[in-house]
Amino acid sequence: MRDNFWKNIKRPILALAPMAGFSDSPFRIITSDYGADIVYSEMASVASIFFHQDELDHRTFDILKFEPQQKAKYVVQLFGSDPEHFAVAAKLVEKVINPDGIDLNFGCPVGKVIKQGAGADLMKDLPRAREVIQAVLENTSLPVSIKIRAGAGVVSALDFLKNVSDLPVSAVMIHGRTLAQGFIGEINCELIKEARQYFSGVILANGGINNLAQAQNILEKSGADGLGLARGVLGRPWLFQEIKENKEIELSKLEVATIAIRHARLEEELKGSGAIVDLRKHLCWYAQGFSGASHLRSQLVKVFNAQEIEDIFNAWVKE
Ligand SMILES: Cc1cc2nc3c(=O)[nH]c(=O)nc-3n(C[C@H](O)[C@H](O)[C@H](O)COP(=O)(O)O)c2cc1C
């Protein structure tokens, strides 16, 4: 195996959790600037990579591209259900993208993913999940990590980890909510703590970390090596810095606007102006908690390019 970066990162490890539609290269760059140690890509379909394996300029590879401006370690996340697809995808991702690690998705609850036996549905199928992990381990020299839920159906995170405890999996991010909970409710810190008995690699706790107090509480209760941050850093990438420095940070409107404008500029530069439409929902998060946020949002949902975004944020700062 190549250098296993997971072993050498200072605790607590802070990761940008994978978020389809959000954890793209511009956001990965921004969060790494604010202190994320590891940034995960949006999940990529192994079936899509498998069926386009002769097109190395295919859109999936384009989305996963590593940008040198990104300082954090980069982990590409894969989803699917067929071990053969995973094997081919792992090989190609290493060759074409060359990230620092590969992560496997066992937690996605979205209908179209579940329907193909992938994500949280694959977590329920212990023999197949094991085959998938083995297929990836056999086809890459990169460290392999997994992302699971507290439970899916009758399979708990502990059952899942026991089933693969003999495999050299480097890290697990545990979303401390079950599949039935979806994205709301308490996370199960006791279960994450118990996971330590069945897993010797790095454990990251994930779910419901939206401020410094929650981060400290979950770290302490779960005894995890680090945290995976998801919705809590949307429009608030400096939450990484707050946790790193152990102090709350209040940013002015001007400072927030500067981050949002940089985000928009990076989006246009790296992904083209076509990406701005997808960025609209992301930009709206920057307005949260400020007066005049609803007026700002009503303008942001109509933007088509970075210059418009800059003008809107500059006017908002002066309001
Ligand atoms: C919009 C969105 C997209 C997500 N996409 C992925 C994904 O591609 N892969 C994955 O493993 N989890 C994905 N997740 C789950 C998050 O990584 C995380 O586990 C979940 O949001 C719980 O953390 P939070 O409560 O801090 O948001 C996504 C979540 C959201 C809200």
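Biologist: Which residue in strand 4 is the bridge partner of alanine 44?

Modeller: Leucine 78 is the partner of alanine 44. This comes from a predicted model.

Biologist: Why do strand 3 and strand 4 count as a pair?

Modeller: Pairing takes at least two bridges. Strand 3 (residues 44-45) and strand 4 are joined by two bridges, so they pair. They run parallel.

Biologist: What makes strand 5 a partner of strand 4?

Modeller: Four bridges join strand 4 to strand 5 (residues 101-106). The rule asks for at least two, so these strands pair. Their direction is parallel. Leucine 78 has leucine 104 as its bridge partner in strand 5.

Biologist: How do you know that strand 2 pairs with strand 4?

Modeller: Strand 2 (residues 38-40) has three bridges to strand 4. At least two are needed, so the pair stands. Here too the strands run parallel. Valine 39 sits opposite tyrosine 74 of strand 4.

Biologist: Why is strand 4 called mostly covered?

Modeller: A residue is buried with 20 or more other C-beta atoms within 10 Å of its own. In strand 4 (residues 73-79), seven of seven residues are buried.

Biologist: Which residues point which way from strand 4?

Modeller: Lys73, Val75, Gln77 and Phe79 point one way. Tyr74, Val76 and Leu78 point the other way. All of them are buried.

Biologist: Which residues of the largest nonpolar core touch the most other members?

Modeller: They are Ala15, Val136, Val172, Ile174, Leu204 and Leu229, in a core of 88 residues.

Biologist: What makes Leu204 a contact of alanine 15?

Modeller: Contact means C-beta atoms within 7 Å. Leu204 is on the contact list of alanine 15, with neighbours within four places in sequence left aside. Others there include Ala36, Ile38, Met173 and Leu229.

Biologist: How many residues of domain 1 and domain 2 are in contact?

Modeller: Ten residues of domain 1 contact eleven of domain 2. By class, the domain 1 side has six nonpolar, three polar and one charged residues. The assignment gives domain 1 as 5-245 and domain 2 as 253-318. Their centres, over C-alpha atoms, are 28 Å apart.

Biologist: Which residues are closest to the ligand?

Modeller: Ala17, Pro18, Met43, Ala230 and Arg231 are the closest of 22 surrounding residues. By class, the shell has ten nonpolar, nine polar and three charged residues.

Methods:
Residues are numbered from 1 along each chain as its sequence is written. This is a predicted model: local features need pLDDT of at least 70, side-chain atom pairs count only at pLDDT 80 or more; totals for chains, interfaces and linings use all residues. A residue is near a molecule or strand if its C-beta atom, placed from the backbone, lies within 6 Å of it. Ala, Val, Leu, Ile, Met, Phe, Trp, Tyr, Cys and Pro count as nonpolar, Asp, Glu, Lys and Arg as charged, and the others, Gly among them, as polar. A nonpolar core is a set of buried Ala, Val, Leu, Ile, Met, Phe, Trp, Tyr and Cys residues joined through C-beta atoms within 7 Å. A residue is buried if 20 or more other C-beta atoms lie within 10 Å of its own, exposed if 12 or fewer, and partly exposed in between; C-beta atoms are placed from the backbone. Two residues are in contact if their C-beta atoms, placed from the backbone, lie within 7 Å. Domain bounds come from an automatic or database domain assignment.
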